[in-house]
Amino acid sequence: MSALPPRSFGSVGVAMVTPFHADGSIDVEAAQALAVSLVDDGADLILLAGTTGEAPTTHLPEKQTLLREVKDALAGRAMLMAGAGSNDTAHAVRIGVGSQEAGAEALLINAPYYNRPSQEGVHQHIMAVVEATDLPVMLYDIPGRTGVRILDETLARLAEHPRVKAVKDATGDVEQGFERMEATGLEYYSGDDGLNFAWLAHGASGVVSVVAHADAHSWREMITEVDAGDLDGARKVAQRIRPLVRAIMGGGQGAVMAKEALALQGRLPEATVRLPLVRAEAAEVAALREVLQAQGLL
């Protein structure tokens, strides 16, 4: 029997940014090219319309266009996942159904944000989206953005559904995640680039990364080392990439800094974001450039 963890959603996922033209409209060609380049660099899961994809400020027809066009460009080389997050359950259901219609192969579903429902409300919200499609689901536990955690009892109930396969964990609590993996049998994916090595060393199936925009190859290298039982080699990869993790995720907003990195690399024609996000300050971009240069990524 294989000692490797199950990987229903691959192992190197990228929570992809949504490219915009300078006028704020979606740049479909740039999205296609970016997705292909990420897969060329080692990704086997592309997440569209997640938080890093500026999901709160992109609309369902735009999300569907992106899904169709990126799926066509990938031609089956990587799994295509769609975020189905909203604080309005009916809206989240529409996103899930619309994403499946547009070609999504899996959904990422988070607890509803801002209105901070009870755990029963969290459960019913997520299950409404799960049951609206026949796609496999990765749950997203990110209380820093939603304002509500998915507690153990709720997670156990959700895990009973046959299409709830995994959790993207951005709680910062690896110990709790290790216990939950054992208790529920769900696959776990790191949702915090600074903890990717820790999650993988604890048996996580993979990562869903923002930093991978600039260097998916390193996360692929780390997972290869962990799979081979070479934790020292994987730790060295983590040490090497730490400055880039800090530059993209340490101070600024991940979606903003990932776009700035891609623009510096010449992989996005524009680093445009939609309000309420704004471009990074010049000093932040200069510091990011220094790190990318030092890492040999420019």
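Modeller: The bend at a residue is the angle between axes fitted to the seven residues ending there and the seven starting there. Helices (H or I, at least four residues) and strands (E, at least two) are DSSP runs, numbered from the N terminus. This is a predicted model, in which local features need pLDDT of at least 70, side-chain atom pairs count only at pLDDT 80 or more, and totals for chains, interfaces and linings use all residues. Residues are numbered from 1 along each chain as its sequence is written, and side-chain values use heavy atoms, with hydrogens and water left out.

Colleague: At which residue does α9 bend?

Modeller: The 16 residues of α9, 212-227, would span 22 Å if straight, taking 1.5 Å times one less than the number of residues. The end C-alpha atoms are only 19 Å apart. The helix bends by about 35 degrees, and the residue is serine 218.

Colleague: What radius of gyration does the chain have?

Modeller: The radius is taken over C-alpha atoms, and the globule rule is 2.2 Å times the number of residues to the power 0.38. For 298 residues a compact globule would have a value near 19 Å, which agrees with that of the chain, 18 Å.

Colleague: How many helices and strands does the chain have?

Modeller: The C-alpha trace spans about 45 × 45 × 35 Å along its principal axes. The secondary structure of the chain comes to 12 helices and 8 strands.
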